[in-house]
Amino acid sequence: AARPALCPPAGSRTMSAAEDAEWLRRVRKQFGNIAGEHKEINLEEFKSALQVKESFFAERFFALFDSDGSGTISLEELLKALSLLVHGSQTDKLRFLFQVYDVDGRTVGLSGCSSAWGVPAVTRCGARSPRAGSGCIDPDELRLVLRWCLRESAIALPEERLADLTWALFEAADKDHSGSITFEELREELEGFPEVMENLTISAASWLKPPPPTERSCRPRYLTRAYWHNHRGKLAFLGGYISLNLLLFALAALRHAGLGGWLVVARGCGQCLNFNCSFLAVLMLRRCLTWLRATPIAKVLPLDQHVVFHQLVGYVVLALAAVHTGAHVANFSRLARQDGRHALAEYLLSARPGAGGLGGTASQTGLALQGLLAAMLAFSSPCIRRSGHFEVFYWTHLSYISVWTLLILHGPHFWKWFAVPGCLFALEKVAGLAWRRAGGLRIVEVNLLPSKVTHLVIERPQFFRYEPGDYVYLNIPAIATYEWHPFTISSAPEQQETLWLHIRSLGQWTNKLYEYFQQPELPSPEPKPLSRSLREKRCRRWAQVSADGAQLLANAGCYIDGPYGTPTRRIFTSEHAVLIGAGIGITPFASILQSIMYRYRRRKQSCPSCHYSWCEDLRDEEMTLRKVDFIWINRDQKHFEWFVSLLTKLEMEQAEQEPGEPFLEMHMYMTSALSKNDMKAIGLQMALDLLAAKEQRDSITGLRTRTQPGRPDWSKVFGKVAEEKKGKVQVFFCGSPALAKVIRAHCEHFGFRFFKENF
């Protein structure tokens, strides 16, 4: 993404002559579009163009840009001010920052004085004229600016925390304890933050930004050595799949050579359809695939991509079916012309002995199959599944039963291909039905979390075993009788009595779920008897309901089908694992982090004489981890509330262990917060850093880990991981597909293996 800045791109301190000319041309053009005939911009137009969330900084920038105090900014004033910001020294930029924070100070202009930003060379407040302002920053001014910084970064803190932030920054900057901060004191304090000094910018409107340079590789990403190395399993599988289809087509074509070109094509496609229609079932044998994950085959076959391959094979089946049908129609048309007694419609719609299929119904069953396949493909598109019409996808996809039945009637040899996959598929379905028929489970607690996230606490079946990161299919008859939806288990396997599911409201079913548990009274059958410990937990939780109203006890019934494995099962056999969750994508890693915590407790040792405690080496035959980096990216502050209690426990567990380099290192990012190199957020981020160092906890989340503003710089993040040299690095991601592409590209650059959660 382009850096929102007025300065040149990161890594270059000055523009070249060509870049400078292009940037000035861009500013002139955009200024002309906004200013109109008067060739000047007033405050309201400036606010609109600046696109800041709040007007405070727009007004401060406008006042500093308006050198003649006319109430408008001309093109000349704008260019002079921006030139100083782009080409000026660090001192010039710091003087501008000082004026922004000196709220009661009034500048005499950006270009009409010798000090560039209108700040005279004074050392103490009061040594300047009333028109020029106070020349120093007092606590009230700093508190006002920090309050607007918080609003600009979408951070909500109580007034007490704002006072703590103000005092932390003021105490650090007021070197002589005079009760005010001068320009020299501010510069001295900023020198302790080299990353700020290096890239001091203003986040302004897109019409003020120089266009970012585009870095283009000399060859496509798919032709790089890193891509082929990191995707060797998938590429080998695709190569084998394509080769097998070509071989099947060639063998069938040779067998029917001499019967006409159209018939040869039809027979070749038909043989490929025998294989592909059976292979569709293989790719959805979830229980078999979960079992295979625990075998050495998982290192060779791309089991993590089985859903993607299922979709790919579905498209291949539709294409082959279209060519197969078209070739037969062309052949029938040829026969009709040669025969002269039968029309084309008779060949297509009438059963004829010797025409193929059961009772000569190959043409009729073929046309029916073509229609069913087209309907399944049309209603399985993302626009249908994710637009609140999941039931349309669900019911049309159930026509696979009709498809397989018609295929057995249509093709004389299909049953040979389908016998083994069909039996396995039927056994999996019977096992699932038996599990569901064994009895429903009870949702014993519901927590309604920020951003419409529903936290379900479900009774754990007695013999239900799963691995960290696994998922289940959930059915709640009160929401929809026949719908089953996959959700990751967010509790650790070591948690014996309950299962946790965190479900974000994104579609029709999930929104209904959230609204259902918002009802004050829920119909509930008599619950099953629970253990004493679970009853005590329920009583304690009930006491919390009256406090915040967000936790409910609900004896609603549900059914689960699973568990099913995911790529995250590889984490414990990695050496250096990097876990990246975006938003609710933390759920599979929540289970993994809890499991790590339980293993810490299990290996914890204590000296009986001095009571000194330590943790034995966690690595064994089931867990070879040397280091875990956990990265959680959220849009705003409230999303961190989902799992902050879990992360706090993890930090406490690590603090009790033997001192040294942490086994688990956490990194939090809040994308709505302005970064440290943004002039509107410098003071806030400095204050947050100072207060976090003083209190040993973050003001945003309460964790010891400092929440970083903005988005991660993946080059720096992965560069640091590579420097640690803790072993082979594997990156596990759960989040949006767009971010997955970015992270995957960086993993290929650094030679890390990349795994993405897929449903």
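**View A. The buried residues of helix α8.** Phe183, Glu185, Leu186, Glu189 and Leu190 are buried in helix α8, residues 183–190. Buried means under 20% relative accessible area, with a 1.4 Å probe and protein chains only. These residues lie on the same side of α8 because they cover an arc of only 165° around the axis. The arc is that of the directions from the helix axis to the C-beta atoms. Helices are DSSP runs of H or I with at least four residues; strands are runs of E with at least two; both are numbered from the N terminus. The model is predicted: local features need pLDDT of at least 70, side-chain atom pairs count only at pLDDT 80 or more, and totals for chains, interfaces and linings use all residues. Residues are numbered from 1 along each chain as its sequence is written, and side-chain values use heavy atoms, without hydrogens or water.

**View B. An open sheet of six strands.** The strand order is β15-β14-β13-β10-β16-β17, and the pairing is parallel. β15 (707–709) and β17 (753–756) are the edge strands, each pairing on one side only. From one strand to the next, the twist averages 20°. Two strands pair if DSSP finds at least two bridges between them.

**View C. The pairing of β16 with β17.** Strand β16 covers residues 729–734 and pairs with β17 in the parallel sense, over four bridges. Val731 has Phe754 of β17 as its bridge partner.

**View D. Helices packed on the sheet.** Helix α24 (residues 644–655) touches β13 (627–634) and β14 (664–670). The direction of α24 makes about 145° with that of β14. Helix α27 (residues 737–750) also packs on the sheet, touching β10 (576–582), β13, β16 and β17. The direction of α27 makes about 165° with that of β17. Contact means heavy atoms within 4.5 Å. Axes are lines fitted to C-alpha atoms, for helices over the stretch in contact; angles run from 0 to 180 degrees between N-to-C directions.

View E. The unreviewed UniProt entry lists residues 235–254, 260–285, 306–327 and 577–600 as "transmembrane region". UniProt positions follow the numbering used here, feature names are shortened, and annotations may be inferred rather than shown by experiment. Residues 260–285 are 85% helix and 0% strand, with end C-alpha atoms 39 Å apart. Residues 306–327 are 100% helix and 0% strand, and their end C-alpha atoms lie 31 Å apart.

Notes: Buried means under 20% relative accessible area, exposed over 50%, partly exposed in between (1.4 Å probe, protein chains only).
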